[in-house]
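Dear colleague,

Here is the structure for your files. Please look it over before reading the notes under it.

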Amino acid sequence: MTAFPALGDDDETNFLVLDKGLTVDYYKSYGEPIIKASVTGDPELKRGETIDLKVKIANIGVIDGFKRLNANQRRINDSTEETIALAEMEEEKEVTTAKDIEAALQSGTKYIEVEPTANLRSVAELETGDTETLSYTIKINSDTPAGDYELLLPVSYQYQKNVKTVTADTVNFGITGVEYSREYEKKNETLRIPISIKSGPKFEVTSISGSLVQGESKLINVTYKNTREEIARDALARIIIMSPLSTEKSIVRLGDIGPGEEKTASFKISADKEALVKNYGINSEIKYVDEDGETSFSESMKVSIPLEATEKKFSITGIAIILIIVIALYQIMNIHRKRNKNDKNASSEENASGDENE
């Protein structure tokens, strides 16, 4: 006989291994624990979410029957022995109780990740008909294809395989207060937990046109594509603008976007005059109504927009001032030329007059 360590303070074996002759086996029971596992709540999960998955384990083991063995003790009358035998049969009913349960959730696909920290869950005892809820943190990849999947739950436990009645002869070995010797058996099995990944829209930015200019407002066109298998209804595109950029209208209605369909949203974005010339990354998302009529949001998408420097242009006032200066310079130069010409003419006349007098 194999006797396991005590599973509780009231376990009478308490590391005892009793040889044949010190025990009598009146009954053999037929049955064992049967552990089942399932997800508590909706087993249909969404892409891209991290959740605390509640897994319910249930013990549905049943006793198929008992077999009366041809066993008896010496120096005990029949009626007393029958009472002892029936008491042992009652103890045999624990054959369906699972003890020291350990369970660690595993993923059978690269798309679903189980948080490894404290993944091992323990349950001291689970009687037949009882349930226990275990919590595991899982993360579902945003690129997970829609469809059915299985999570794996390896479990180990032990259960009472047989009970034997301890005879009075154990007193000769200094053993007192022990009524039964219990034999336990360990069992390992892997439970399969079906889940499904809900189909739904997924968006990506396929093109961006337009650029920003310091101190100006420009129209930026962003094209979104629904890359998944479900329609997104009443879709709204939204951008999140931060200084030195700004916009008066950050939400643009796109309407319904079917599988593989593209829609373009136009945003008027302004840039400060002192904004740094570089590429600006703007966060964008799409709000839509899914196939269940619930409002959902896409993952954040990055929209990269270049900002250019202001072109160096003269203002009208500046041009007018320059023209005035040019005209003034022209007038001054013209007056100066006329003066020089008059001076030359006067000098010529004086010379001519002097010649005549001679």
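The notes below go from the whole chain to single residues.

Please keep in mind that this is a predicted model.

Overall picture

The protein is built from two helices and 23 strands. It has 358 residues, and 35% of them count as buried. Of the contacts between residues at least 6 apart in sequence, 75% join residues at least 24 apart. The accessible surface is about 21,500 Å², and carbon and sulfur atoms account for 49% of that area.

Two serines were looked at individually. Ser284 belongs to strand β21, which runs over residues 279–289. Its relative accessibility is 1%, so Ser284 counts as buried, the cut-off being under 20%. The side chain of Ser284 has a polar contact of 2.6 Å with the side chain of Tyr224. Apart from neighbours within four places in sequence, the residues in contact with Ser284 are Tyr224, Arg238, Ile239, Glu299, Ser300, Met301 and Val303. The C-alpha atom of Ser284 is also 9.2 Å from that of Ile241, a residue 43 places away along the chain.

Ser298 sits in the loop between β22 (295–297) and β23 (301–308). Ser298 has 13% relative accessibility and therefore counts as buried. A polar atom of its side chain lies 2.8 Å from the backbone nitrogen of Ile286. When residues up to four places away in sequence are not counted, Ser298 touches Phe203, Glu285, Ile286 and Tyr288.

Salt bridges

The search of the whole structure gave 15 salt bridges. One of them joins the side chains of Glu294 and Lys46, at 3.9 Å from N to O. This pair links distant parts of the chain, 248 residues apart: Glu294 is in the loop between β21 and β22, and Lys46 is in the loop between β4 (44–45) and β5 (50–59). Glu294 is partly exposed because its relative accessibility is 41%. Lys46 is partly exposed as well, with a relative accessible area of 33%.

Lys93 and Glu90 form another salt bridge, in which the closest N and O atoms are 2.9 Å apart. Lys93 has a relative accessible area of 36%, so it counts as partly exposed. For Glu90 the value is 44%, which again means partly exposed.

A further salt bridge brings together the side chains of Glu216 and Lys218, at 3.5 Å from N to O. Glu216 is partly exposed at 31% relative accessible area, and Lys218 is partly exposed at 30%.

Nonpolar surface patch

Which residues form a nonpolar patch on the surface? They are Ile321, Ile325, Leu329 and Ile332, and together they have about 380 Å² of accessible area. Leu329 lies in helix α2, which covers residues 316–357. Leu329 counts as partly exposed because its relative accessibility is 47%, whereas Ser284 is buried at 1%.

Regards

Conventions: Residues numbered from 1 in each chain as written. Predicted model: local features only at pLDDT ≥ 70, side-chain atom pairs only at ≥ 80, totals over all residues. Heavy atoms only, no water. Patch = residues over 30% accessible without salt bridge, like charges linked within 9 Å, V, L, I, M, F, W, Y side chains within 5 Å. Areas by Shrake-Rupley, 256 points an atom, 1.4 Å probe, with all protein chains shown as cover. Salt bridge = Lys/Arg side-chain N within 4 Å of Asp/Glu carboxyl O. Helix = DSSP H or I, 4+ residues; strand = E, 2+ residues; numbered from the N terminus. Buried < 20%, exposed > 50% of the residue type's maximum accessible area, 1.4 Å probe, protein only. Contact = heavy atoms within 4.5 Å. Polar contact = N/O pair within 3.5 Å; in protein donor to acceptor, adjacent residues only side chain to side chain.
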